[in-house]
Amino acid sequence: MSNGQFMSVEEINKPMVPSQFEQVRKVYEAIIGLPWFFDSEDTRQDCADLVMRRYRLGTTDPDRLLAECIEEARHRFELK
């Protein structure tokens with residue numbers, strides 16, 4: 001990452017390497033496995049989009065990515 005916080009346009013548009021995809025997949029699977037997650041095809045797709053968007057916008061630290069995605073996912077996908 002160029003400045004430590006945000007990806008450049010060039011970095012955002014690069015294809016992901018397997019290790020990056022694996023990191024995103026782990027966060028996604030952790031979220032959909034939480035007991036409060038309202039599990040449906042639509043919420044799974046929206047959750048995948050959320051995690052991928054956060055990663056592509058520069059949240060690449062695994063712990064931070066998980067924490068930020070859980071916070072947003074809880075607001076959006078929690079069983080009520």
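**Close-up views of a predicted model**

View 1. With a relative accessibility of 0%, Cys69 counts as buried, where buried means under 20% relative accessible area, exposed over 50% and partly exposed in between (1.4 Å probe, protein chains only). Cys47 is likewise buried, at 0% relative accessibility. The cysteine sulfur closest to that of Cys69 belongs to Cys47, at 7.3 Å, which is too far for a bond. The structure accordingly holds zero disulfides, a disulfide being a pair of cysteine sulfur atoms within 2.5 Å. This is a predicted model, in which local features need pLDDT of at least 70 and side-chain atom pairs count only at pLDDT 80 or more, while totals for chains, interfaces and linings use all residues.

**View 2. Asp46 in a negative surface patch.** Glu41, Asp42, Asp46 and Asp49 form a negative surface patch; patches are made of residues with over 30% relative accessible area and no salt bridge, like charges being joined within 9 Å and nonpolar side chains (Val, Leu, Ile, Met, Phe, Trp, Tyr) within 5 Å. A salt bridge is a side-chain nitrogen of Lys or Arg within 4 Å of a carboxyl oxygen of Asp or Glu. Asp46, which lies in helix H3 (residues 41-56), is partly exposed, with a relative accessible area of 33%.

**View 3. The helices of the protein.** The secondary structure comes to four helices and zero strands, helices (H or I, at least four residues) and strands (E, at least two) being DSSP runs numbered from the N terminus. Of the 80 residues of the protein, 30% count as buried. Residues are numbered from 1 along each chain as its sequence is written, and side-chain values use heavy atoms, leaving out hydrogens and water.

Methods:
Areas by Shrake-Rupley, 256 points an atom, 1.4 Å probe, with all protein chains shown as cover. Lys, Arg positive; Asp, Glu negative; His and termini not counted. Charge placed at Lys NZ, Arg CZ, Asp CG, Glu CD.
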